[in-house]
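This report goes through one protein structure, shown here with its sequence.

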Amino acid sequence: MNRILSLSLLLTPVLLATACARASEEAVSSPATATASAVEATAGATIDREPPLAIVHKTASCGCCGVWADHLKAAGFAVEIRDTDDMHPVKQRLGVPAGKASCHTAEIGGYVVEGHIPASDIKRLLKERPTARGLVLPGMPAGSPGMEMPDGHVQPYTVELVLADGSTQPFAQHGQGG
């Protein structure tokens, strides 16, 4: 009995090594299958991935900022609110360009998101992952998320992409004529 046990203990690693080598050869002989499996796994991870946590910095008294945070929640984002009395250090730390500020600043997926930016634009940013600081929407345009008008009017506005050097370029147009 001990000889059989000893023999099986010796043969098990050999059999496992042979099986692993065979699986490896099959993967090499059929790279299309291996590639397709990798693409399917990657696509599944992209499709099933939930939006990252949105950390929203705002002043405690700002109501429109809370409405914008609710807009993000409705779009599937988890939101953490951080009330602060002085937004300037937050904007400075996150690299919001001068003249591009709004009433709140968010950190989402490694990007800065400044102002009343639609969740659809944020999701596009996270999908495309450009080399950039993030998105800005200066001011508080009427009809943007959190600034909705009772009559449904949307003032034309442009969400801008903040490049690594701090310059901006148009990212999305919204409103009449946009």
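The sections below cover a histidine, the nonpolar core and the aromatic rings.

The model is predicted. In it, His104 is found in the loop that runs between helix H4 (88-94) and strand E3 (105-108). Its relative accessibility is 0%, so His104 counts as buried, the cut-off for that class being under 20%.

A polar atom of the His104 side chain lies 2.8 Å from the backbone oxygen of Gly115. Gly115 is also among the residues that His104 touches beyond four places in sequence.

## The largest nonpolar core

The largest nonpolar core has 24 residues. Leu72, Phe77, Ile108 and Ile122 have the most contacts inside this core. At least two of its residues come from each of these elements: strand E1 (54-58), helix H3 (63-74), strand E3, strand E4 (111-114), helix H5 (119-128), strand E5 (132-136), strand E6 (157-163) and strand E7 (168-174). Helix H5 gives the largest share, 4 residues.

With neighbours within four places in sequence left aside, Ile122 is in contact with Leu72, Phe77 and Ile108, and also with Trp68, Val113, Ile117 and Leu135.

## Aromatic rings

How many aromatic pairs does a search of the whole structure find? The search gives 0.

A charged residue does sit over a ring: Arg124 lies over the face of Phe171, 3.8 Å from the ring centre.

Note on methods. Residues numbered from 1 in each chain as written. Predicted model: local features only at pLDDT ≥ 70, side-chain atom pairs only at ≥ 80, totals over all residues. Heavy atoms only, no water. Buried < 20%, exposed > 50% of the residue type's maximum accessible area, 1.4 Å probe, protein only. Polar contact = N/O pair within 3.5 Å; in protein donor to acceptor, adjacent residues only side chain to side chain. Contact = heavy atoms within 4.5 Å. Phe/Tyr/Trp six-rings, centres within 6.5 Å; stacked < 30°, edge-to-face > 60°. Lys NZ or Arg CZ within 6 Å of the ring centre and 35° of its normal. Core = buried A, V, L, I, M, F, W, Y, C linked by side-chain atoms within 4.5 Å.
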